[in-house]
Amino acid sequence: MRILPLAAVTLCLTAQTITKSRIADGLASIDTARLKSDIAYLASDKLQGRLSLQPGSQLAIDWIVAQYKAAGVEPAGPGHSYLQRVPLIEYRADPDNSGLTIRRNGKSETYRYPDAYEAYPANTTVRGAVVFAGFGITAPELHYDDYAGIDAKGKIVLIFDHEPQETDVHSVFNGKGNTRYAGTYVKTLNAQKHGAVAVLVVAEPNRNHPSNQERLARIKGRNERAKIPLQALAERPIHIPAYTISDAIAADLLGGHQKELQQAIDSTLKPQSKVLLGLTAELKIAATGRRRADTYNVLGVVKGSDPTLSAETIVFSAHYDHDGITPNGGIFHGADDNASGTTGVVELARAFQKNGVKPRRSLLFAVFAAEERGLLGSYSYVAHPTRPLNTTRAVINFDMIGRNETPSDQTNGLIDINRDTSNELNLVGTNYSPSYKQIVERANNMVGLDLNYKWDEEPALNVYFRSDHYPFALHDIPSLWWFTGFHPDYHQITDTADRINYEKMAKILKLAFITGFDLAETPDPPQFKP
């Protein structure tokens with residue numbers, strides 16, 4: 001796509017016009033050299049991989065606060081602070097003392113890791129009858145409910161991973177892509193809502209792609225990352241455990257009919273849920289090394305210029321944490337993941353503060369904690385928003401915006417990657433907000449990036465619910481993940497600052513600046529399409 005000179009371009013809005021003069025100061029302030037310096041610091045050995053609750057994470061927090069103060073960006077946290085407390089429980093799973101016991105006809109068998117495993121921050125034992133609940137989805141707007149006709153109260157629910165009709169491009173479940181119902185987090189919340197005491201999750205039996213566990217196994221260094229402490233929100237919305245189980249266990253529980261059950265759901269979009277007669281299960285969960293500690297989201301705001309619309313919010317978000325240090329002393333530098341996103345949010349906060357013209361809506365610059373531990377900072381924010389969610393109009397989420405997408409073990413055979421991605425940006429979540437997509441495309445006339453939407457049509461890699469835009473989407477807020485894609489250095493110690501494409505990153509931030517200005521100005525903000 002040809003890049004048009006800014007002087008020759010006008011973005012026409014319904015009630016306003018974005019001309020070069022209205023955005024010139026902010027756009028001109030986006031500095032490639034400063035991006036390089038900022039990422040070099042955040043991804044340096046000094047910050048030790050920014051593992052949540054560790055000293056390097058605190059250094060990242062301190063740096064973001066200092067940048068906001070220096071730029072004159074106002075605090076947006078409680079008590080006129082830049083910090084929003086995120087109380088966590090840190091723990092380690094104890095697989096030797098955890099297990100799943102199945103009882104049938106007076107006989108019992110116990111399964112342990114890797115056939116059955118969980119991540120739950122408490123010592124507990126749960127028992128109950130077992131019910132099969134299909135994919136575990138309740139989606140009223142799609143006229144689908146796996147819990148219709150069954151009573152899950154006090155029971156353990158067995159569900160398939162992902163969604164029905166995953167190979168059908170015409171499926172109401174976003175064709176071949178994922179909807180917000182596909183993830184285990186939402187399914188566990190749904191089971192809890194229906195009174196279940198625990199969840200057993202198995203990969204869908206008729207899948208034509210790797211299971212989630214097989215996908216994770218493709219990423220090098222999995223055993224090293226498994227030694228990183230687990231974390232959960234101290235005020236977590238989920239109060240029941242979810243065990244991941246093997247295909248073999250599910251086949252035993254379902255009498256070998258698991259493939260037929262999925263086929264029936266896929267062909268009719270009608271539930272096949274039922275009580276599994278004569279079956280009970282016991283889930284024993286042990287956790288060690290438990291401690292409570294606080295981390296922080298870092299929040300700044302540039303107030304809108306309109307007396308009424310300034311109460312509404314456009315969010316720019318990223319996460320600052322990463323995976324710390326390996327047992328052998330190697331540092332997960334996290335330059336792309338996600339020093340790039342953190343630097344991007346900070347740079348845009350500077351740019352909007354410096355711009356002579358402020359858009360009508362307010363702009364929240366949120367850098368979240370503990371994303372790598374399960375989107376914990378963003379889940380905490382949407383549970384305790386400092387600006388009302390019902391007046392939050394859109395989210396621009398940066399997570400890995402610094403590299404060229406290239407084939408890797410994680411993606412091989414699952415997604416087509418263009419040979420040249422040096423000018424490419426992926427947008428994730430556009431099916432939920434076509435009007436947001438149109439605003440980005442309109443802004444891109446001034447920048448000329450190659451926009452790609454392929455991740456909205458891919459189910460195996462679970463991309464839609466893997467970053468901090470997702471908790472906002474669960475609240476019907478138009479939210480896109482801006483993402484330059486995976487590469488062989490993803491979650492490796494080789495994700496270093498020297499491998500960032502800084503010129504491309506600067507273009508992405510210019511596109512985000514123009515898009516954010518448009519979102520904050522337009523009388524018709526984007527709508528969420530369920």
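Visitor: What share of the 530 residues is buried?
Guide: Buried residues make up 61% of the 530 residues in the protein, where buried means under 20% relative accessible area, with a 1.4 Å probe and protein chains only. Please keep in mind that this is a predicted model, in which local features need pLDDT of at least 70 and side-chain atom pairs count only at pLDDT 80 or more, while totals for chains, interfaces and linings use all residues. Residues are numbered from 1 along each chain as its sequence is written, and side-chain values use heavy atoms, with hydrogens and water left out.

Visitor: And how many helices and strands are there?
Guide: The protein has 13 helices and 22 strands, which are DSSP runs numbered from the N terminus (helices are H or I with at least four residues, strands E with at least two).

Visitor: At what angle do H1 and H13 pack?
Guide: Helix H1, residues 20-29, and helix H13, residues 502-521, pack at an angle of about 140°, with their axes 10 Å apart; axes are lines fitted to C-alpha atoms over the stretch in contact, and angles run from 0 to 180 degrees between N-to-C directions.

Visitor: Which residues of H1 and H13 make the contact?
Guide: On H1 they are Arg-22, Ile-23, Gly-26 and Leu-27, and on H13 they are Lys-510, Phe-513, Ile-514, Phe-517 and Glu-521, with contact meaning heavy atoms within 4.5 Å.

Visitor: New topic: what does the C-alpha trace span?
Guide: Along the principal axes of the protein, the C-alpha trace spans about 80 × 50 × 45 Å.

Visitor: What about contacts along the sequence?
Guide: Among contacts between residues at least 6 apart in sequence, 84% join residues at least 24 apart.

How values were computed: Buried < 20%, exposed > 50% of the residue type's maximum accessible area, 1.4 Å probe, protein only.
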